[in-house]
Amino acid sequence: MPGPSLLDRRLLIVTGKGGVGKSTISAALASVAARRGKRVLVCELNTQERIAPLLGAPPAGSSVREVRPGLSTVVITPHEAMREYGLMVLKFRTIYDAVFENRVVRYFLQVIPSLAELVMLGKVLHEVRAREGGRPRWDLVILDAPATGHAVQLLRVPSALLDTVPAGPLRSDARWMQDLLVDPEVTALSIVTLPEEMPVTEAIELDAQVRGDLGIPRAALFVNAMPALRFDGAEREALLALQGEPSPVGPAAWAAVLQSRRAEQAERYRARARAALDLPTVVVPLLAVAEWGPPAVEQVAALLGREL
Ligand SMILES: Nc1ncnc2c1ncn2[C@@H]1O[C@H](COP(=O)(O)OP(=O)(O)OP(=O)(O)O)[C@@H](O)[C@H]1O
Ligand SMILES: [Mg+2]
């Protein structure tokens, strides 16, 4: 188990292959942390908003909004982040509006590669180090990061700038951003996977990049949607023998055999991911719900609350 330290970091980055449950795990972690009295912010980047609805709240949009006590969410878009960045640098809205009107912002976002990533990551990290009333504004910022390749691209921006940009404001921004990202007291990256071939392969490749040139501290592996091992070998033999029975027994027995084969396969992929990543591992069961929503997320949160 990751131990108590996972929720004690200041920035948790959650990534993994598309569709594996990154937003679900992010929302559930936020729910657990907020229930423990932490002030939590969950950030999504330039995407169809998912976190607030998963927590049973209406969409928050691009300004930070508290969706339940102690738990806020925000969707960061390049355009809004760029605008805030401009405002921070230029200080006054009137000057900003004069110098940096929409058309210009759109132009810069298009012509400077990775500027969109830079300003979005900058906004997240700005929230991580923001202070209010003599203490950090947030105890915990959770980044529901993009899927694998895009996440690597995003997280590589500060170090890429440090390699290429000469001394100046852009370089000093890249410096503090990179320092935060690689600080084990501050940041921890978690990888989510399904116990299936492609997601596990992608998780292993991603992990190698995180350990390698990204150098971001890793915290945990989440194996999500794990089917239960319900039957042992003898029971499976008995079920196979029932296949020829009339409905519903025969078809039900066959379905049970299929489920048990899938569960065995999942177990092998879980073990493969666990061995390759060598990280504290949290297994989240496959939940049988008709529609994925807040009750399912709260079930996941209850489980994480027991494990973390
Ligand atoms: N533990 C689980 N049991 C059953 N189904 C699950 C579980 N976790 C997630 N799902 C299903 O997977 C879907 C995708 O989950 P989620 O949106 O959290 O993934 P994601 O990695 O954030 O996706 P994306 O890459 O699109 O952002 C959910 O809508 C739900 O249907
Ligand atoms: Mg998502």
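Arg211 is partly exposed in this predicted model, with a relative accessibility of 43%, where partly exposed denotes the range between buried (under 20% relative accessible area) and exposed (over 50%), for a 1.4 Å probe and protein chains only. The side chain of Arg211 forms a salt bridge with that of Asp207, at 2.8 Å from N to O; a salt bridge is defined as a side-chain nitrogen of Lys or Arg within 4 Å of a carboxyl oxygen of Asp or Glu. Asp207, by contrast, is buried, at 2% relative accessible area. Both residues belong to helix α9 (residues 197-214), 4 residues apart, or about one turn of the helix; helices (H or I, at least four residues) and strands (E, at least two) are DSSP runs numbered from the N terminus.

The model is predicted, and local features require pLDDT of at least 70, side-chain atom pairs count only at pLDDT 80 or more, and totals for chains, interfaces and linings use all residues. Residues are numbered from 1 along each chain as its sequence is written, chains are lettered from A and ligands numbered from 1 in the order in which they are written, and side-chain values use heavy atoms, without hydrogens and water.

In helix α3 (residues 78-90), Glu80 and Arg83 lie 3 residues apart, and their side chains meet in a salt bridge at 4.0 Å, N to O. Glu80 is partly exposed at 24%, whereas Arg83 is buried at 19%. Helix α11 (residues 249-277) holds Glu267 and Arg270, which are joined by a salt bridge of 2.7 Å, N to O.

Across the whole structure, 17 salt bridges are found. A network of salt bridges links Glu84, Lys123, Glu127, Glu132 and Arg137.
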